[in-house]
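User: I am new to this structure. Please take me through some of its parts.

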Amino acid sequence: MSAVDEIPLTHLSDKKSHHATEAGNYFVANYPPFSFWQKEQAFAVEKVLDSPAPKDIPLGLYFHIPFCRKRCHFCYFRVYTDKNASEIRRYIHAGMEEFTRYAARPYLQGRKPHFVYFGGGTPSYLSVPQLQELTSRMKDLMPWDECQEVAFEAEPGTLNEKKLEAIREIGVTRLSLGVEHFEDHILESNGRAHRSGEIDRAYRFARSLGFEHINIDLIAGMMNDTTELWQKAVAKAVEMQPDCVTIYQMEVPYNTGIYKQMKEEGKVTAPVADWETKRAWVSYAFDEFVKAGYTVTSAYTVVKNPDKIKFVYRDALWEGADLLPLGVASFGHLGGIHLQNQADILPYIDTIEKGGSAIFRAYATSPEERFIREFILKLKLGHSRPSYYKAKFGEDVLTRFAPQLNWMVQEGFAVIGDDQITLTRDGLLQVDRLLHEFFMPHHRHARYT
Ligand code: SF4
């Protein structure tokens, strides 16, 4: 009997197919859970950085821009809406100082990024000169000539023609627009800064500039959404014909404005659609996109031309690539060690300016944890080949995870065929809820974040 099936699968006995949305995290972004990452393990990152550069591990760069025009009510990131140009400049300088020091370490010397990701916050909040300065300094430290993808998150209301041209010129290949919904009163009542007119303008101009890959993000279950309005939003998204659409199901983590309000009012249930409704809405969207020629490529994405349109950042990360985290609160992974930077901007900048390390917590993964991490994250794609895990990790997933997989088959969440585990639509739409069952026993019932 393996360590994994020694304890009862309590989540799996929860057969409720629908429940109200309560506060907490749904989305599984990484493994082991963040609550296990510790300051004391930061030394493990230093050890990796002193070791020779690997020949066969792809490297990605992540730069975090923590600024937004307004804080959305569902936002669980640490964002700043009050920083002026000189404070932003100081932040960029700190990030580049951090990068300069990393680039000089043996583990990173001579390496070039395979992919670059600008996340936030709102990267498009930066002005054109700020963007140009940031990216030219990044390229001086590590040229982007071997980059397969430069991804950039943008809030439609921050984009104008000049900025979009600059974003294209610095080398962005994947532009991701945080649309979320098209209905103005939904955008407004959820605290979004942009409105539908700005989405149309930004999208049309971005298309005319010839970005290789435009993604739009939607959220199923924003406050005040209805089936009718959701269907209208999906129709609009289909009409736009983006290369990729990412659809999240609304969750209400504890550090959101929505949760704060719930607490003040003594409510347990969040004022958003229940999970069954959210899944039905995503399923509806998947069906509409499939009718329009798209392919469902994961629990959250539909892609117009999957042979051409790839998401390098996601796929490389899930397969264990190195990711150098730059900037406040950034997450990364180097030589098997997870790490996250200081989460507040001023301590982050001060630490860097005084010559210190911005790493706030880290976790040295074991080979077994790296296997589980890759298996669960890639299960979000909706299919998994057991022979891949046998070859890469020497693990027989069908034996090791027999109780979990058998249960999923019985419940109609998965089908097991010849060297193939395939999630059904029902399984795919609640995959994050199911993934906890594949965690090691001591991680399974712990706090996730
Ligand atoms: S735009 Fe994104 S990062 Fe900024 S407040 Fe809204 S959800 Fe948070």
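Analyst: Helices (H or I, at least four residues) and strands (E, at least two) are DSSP runs, numbered from the N terminus. Residues are numbered from 1 along each chain as its sequence is written. This is a predicted model, in which local features need pLDDT of at least 70, side-chain atom pairs count only at pLDDT 80 or more, and totals for chains, interfaces and linings use all residues.

User: In which helix is arginine 370 found?

Analyst: The helix in question covers residues 367-379, and arginine 370 belongs to that run. Its name is α12.

User: Is arginine 370 buried, exposed or partly exposed?

Analyst: A residue is buried if 20 or more other C-beta atoms, placed from the backbone, lie within 10 Å of its own, exposed if 12 or fewer, and partly exposed in between. Arginine 370 has 16 C-beta neighbours inside 10 Å, so the residue counts as partly exposed.

User: Which residues does arginine 370 touch, not counting those up to four places away in sequence?

Analyst: Two residues are in contact if their C-beta atoms, placed from the backbone, lie within 7 Å. With residues up to four places away left out, arginine 370 touches Gly320, Gly336 and Thr365.

User: How do helix α3 and helix α4 pack, parallel or antiparallel?

Analyst: Axes are lines fitted to C-alpha atoms, for helices over the stretch in contact, and angles run from 0 to 180 degrees between N-to-C directions. Angles under 35 degrees count as roughly parallel, over 145 as roughly antiparallel, 65 to 115 as roughly perpendicular and the rest as oblique. Helix α3 (residues 128-141) and helix α4 (residues 161-169) pack at about 10°, with axes 10 Å apart. Therefore α3 is, relative to α4, roughly parallel.

User: Which residues of α3 and α4 make the contact?

Analyst: From α4 come Lys162, Lys163, Ala166 and Ile167. From α3 come Val128, Leu131 and Gln132.
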